[in-house]
Amino acid sequence: MRRLLRIFKIARVFARYRLDTLFDQTKLSWHIRLLFSLMFWRYFVPVGNRSQGERLRLALEELGPIFIKFGQMLSTRRDLLSDDLALELKKLQDNVPPFSGVYAQQLIEQSLGSPVEELFAEFSAEPMASASVAQVHAALLYNGEEVVVKVIRPGIERTIKKDVALLFTLAHLVEKLWAEGRRLRPVEVVADYETTIFDELDLRKEAANCSQIRRNFDNSPILYVPEIFWDLTRQNVLVMERIHGIPVADVDQLNAQNTDMKKLAEQGVEIFFTQVFRDSFFHADMHPGNIFVSRDNPSSPQYIAVDFGIVGSLTTEDQSYLARNFLAFFQRDYRQVAQLHIDSGWVPEDTNVYAFETAIRSVCEPIFEKPLKDISFGLVLMGLFQTARRFNMEVQPQLVLLQKTLLNIEGLGRQLYPELDLWQTAQPFLERWMKERMGPKAVYRTMKQQAPDWLDKMPHLPQMAYEALHQLKNLDDVRRRDMLALSVARQELKHQRSRWDRFAGVACILVAAAVAVDDPQATLDSLPALSWAFSGIAAFLLLRR
């Protein structure tokens with residue numbers, strides 16, 4: 001029943017803001033056009049004076065956090081959206097309507113067990129920024145440190161549960177009603193997203209993620225991560241160091257302080273690949289609202305990252321697979337790309353590698369030797385999707401966050417330095433990573449890491465060797481017994497077959513003799529007893545074992 005009510009609300013919001021007008025210039029299939037024509041409210045609800053972008057933004061805000069996050073991701077895709085839509089959706093990054101600051105103060109006091117006057121020397125009830133899941137307030141500690149206090153929106157968990165339940169319903173329908181649905185594994189994708197979104201509701205997890213990435217980039221000149229104050233952090237309240245930087249999307253302000261935009265864009269790519277391949281722990285919510293640039297050194301700019309509610313991690317196999325695929329793409333080795341997909345099981349092993357190689361080449365070849373401003377990753381993804389559909393490639397849920405982050409990186413690159421060649425910037429990093437992973441240094445590093453375990457086990461080696469040899473001897477004895485039993489069984493089968501052959505031969509002789517005489521019964525009656533005796537002896541000798 002709740003799902004039906006949620007569907008009704010979505011339809012009501014869709015109608016109130018006349019979102020059907022977004023598709024007026026889009027080529028739709030006949031059944032979708034028929035559905036739109038049956039929407040009677042199109043003829044009674046006026047569009048009004050609001051632009052398409054404003055109506056879409058207001059609708060996403062009203063529908064809640066999952067829809068807001070979808071709009072945040074879309075806001076970075078200038079190649080897919082008009083300027084009107086992109087500029088309006090950009091407001092979702094940090095301008096979501098806030099909840100009461102007085103109520104936020106009450107939540108902080110309940111969680112930390114003390115009045116805000118005792119916790120902070122100063123506390124601003126007016127929120128600094130408001131996002132889909134939480135909002136932040138400025139505060140000052142008694143030791144003089146500036147901090148921000150992040151508070152989870154009240155009642156947000158109940159709303160998210162409804163939306164996730166609806167997404168599961170839609171995913172099941174996609175699997176059942178669409179031929180391509182099962183291959184895309186929508187239920188697994190939604191399940192993975194459910195884990196991610198509920199992790200965001202526990203700010204202790206976000207604090208732990210922040211601390212981990214801060215350690216990974218300790219004293220890094222390209223990325224700064226704020227400090228967490230654990231004594232003031234709970235499940236629904238987080239206190240962290242306040243940073244002062246320029247929002248990465250504010251290109252005018254970055255240019256005003258003569259920021260090296262080319263270096264800034266390249267360092268963004270380096271940070272991403274370092275997190276993915278060196279650390280296997282990456283910030284997976286890198287929309288512009290979460291990224292700032294330090295004011296300290298414009299000629300060698302440093303990023304500042306916040307909001308670590310969503311992070312991604314890859315297995316060693318995923319890292320190796322992705323790196324080899326990227327390098328094969330960079331080298332235009334489409335045969336290797338096709339073979340890697342087959343070896344990894346992403347496409348069936350009986351796939352025609354030659355046809356798959358040709359299809360990949362047709363999609364990827366046009367993107368090379370072009371600056372980022374001339375590459376539409378949206379079109380590339382559409383082409384790869386068509387290739388996937390032809391060759392039954394399955395969606396990999398564990399890489400959904402990585403794909404989303406790649407889209408965000410592209411959006412940032414377009415805003416900062418449109419001439420950036422993403423491929424040329426990333427290739428040296430990946431080649432260096434593969435060399436470090438597979439070269440002599442990697443072997444030495446692995447031996448060094450495992451040396452303590454080897455030293456710990458060395459005193460036990462003689463006993464372990466004795467037990468292994470004893471087990472091997474027992475195994476040999478078992479094999480000998482099995483072989484003997486098999487030999488006996490085979491011999492028994494051979495004798496049994498021989499007896500049956502002799503029996504069949506005697507039967508054939510008797511039949512032949514019976515056919516040869518005119519009156520078999522009279523002939524048998526006339527045989528003397530001695531003949532019967534010798535016949536019995538002959539049959540026994542022929543049929544015995």
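## Salt bridges

Lys-205 is partly exposed, with a relative accessible area of 39%, and Asp-199 is partly exposed as well, at 27%. (Buried means under 20% relative accessible area, exposed over 50%, and partly exposed in between, with a 1.4 Å probe and protein chains only.) The side chains of Lys-205 and Asp-199 meet in a salt bridge with an N to O distance of 2.9 Å. A salt bridge here is a side-chain nitrogen of Lys or Arg within 4 Å of a carboxyl oxygen of Asp or Glu, and the count by this rule comes to twelve. The model is predicted: local features need pLDDT of at least 70 and side-chain atom pairs count only at pLDDT 80 or more, while totals for chains, interfaces and linings use all residues. Residues are numbered from 1 along each chain as its sequence is written, and side-chain values use heavy atoms, with hydrogens and water left out.

Helix H16 (353-364) holds another of the salt bridges, between Arg-361 and Glu-357, again at 2.9 Å from N to O. Helices are DSSP runs of H or I with at least four residues, strands are runs of E with at least two, and both are numbered from the N terminus. Because Arg-361 and Glu-357 are four residues apart in H16, about one helical turn separates them. Arg-361 is partly exposed, with a relative accessible area of 34%, whereas Glu-357 is buried at 12%.

In helix H3 (residues 52-63), Glu-61 and Arg-57 are four residues apart and so are separated by about one helical turn. Their salt bridge has its closest N and O atoms 3.2 Å apart. Both Glu-61 and Arg-57 are buried.

Strand S4 (residues 146-152) is mostly covered, with six of its seven residues buried. Seven bridges join S4 to strand S3 (residues 134-140), and the two run antiparallel. (Two strands pair if DSSP finds at least two bridges between them.) Within this pairing, Ala-134 has Ile-152 of S4 as its bridge partner. Five residues lie between the strands of the S3 and S4 hairpin, where Gly-144 takes a positive phi near 95°.

S4 is also joined to strand S6 (residues 237-241), by five bridges and in antiparallel fashion. There the bridge partner of Val-148 is Met-240 in S6.

## The loop around Pro-127

Pro-127 sits in the loop between strand S1 (122-123) and strand S2 (129-130). Its relative accessible area is 17%, so Pro-127 is buried. Leaving aside neighbours within four places in sequence, Pro-127 is in contact with Pro-98, Gln-135, Val-136 and His-137, contact meaning heavy atoms within 4.5 Å. Pro-127 and Phe-99 are 28 residues apart in sequence, with 8.7 Å between their C-alpha atoms.

## Helix H15

Helix H15 covers residues 334-344, and its buried residues are Tyr-334, Val-337, Ala-338, Leu-340, His-341 and Ile-342. These buried residues pack against helix H14 (316-330) and helix H16 (353-364). Just after H15, Gly-345 takes a positive phi of about 85°.

## Aromatic rings

Rings of Phe, Tyr and Trp (its six-membered ring) pair if their centres lie within 6.5 Å; planes under 30 degrees apart count as stacked, over 60 as edge-to-face and the rest as tilted. By this rule the structure has five aromatic pairs. One of them is the edge-to-face pair of Phe-272 and Phe-273, at 5.1 Å centre to centre and 80° between the planes. Phe-272 and Phe-273 are both buried.

At another ring, Arg-278 lies over the face of Phe-217, 5.1 Å from the ring centre. A charge sits over a ring if NZ of Lys or CZ of Arg is within 6 Å of the ring centre and within 35 degrees of the ring normal.

## Cysteines

A search of the whole structure finds zero disulfides, a disulfide being a pair of cysteine sulfur atoms within 2.5 Å. Cys-210 is buried, with a relative accessible area of 1%, and Cys-364 is buried, with a relative accessible area of 3%.
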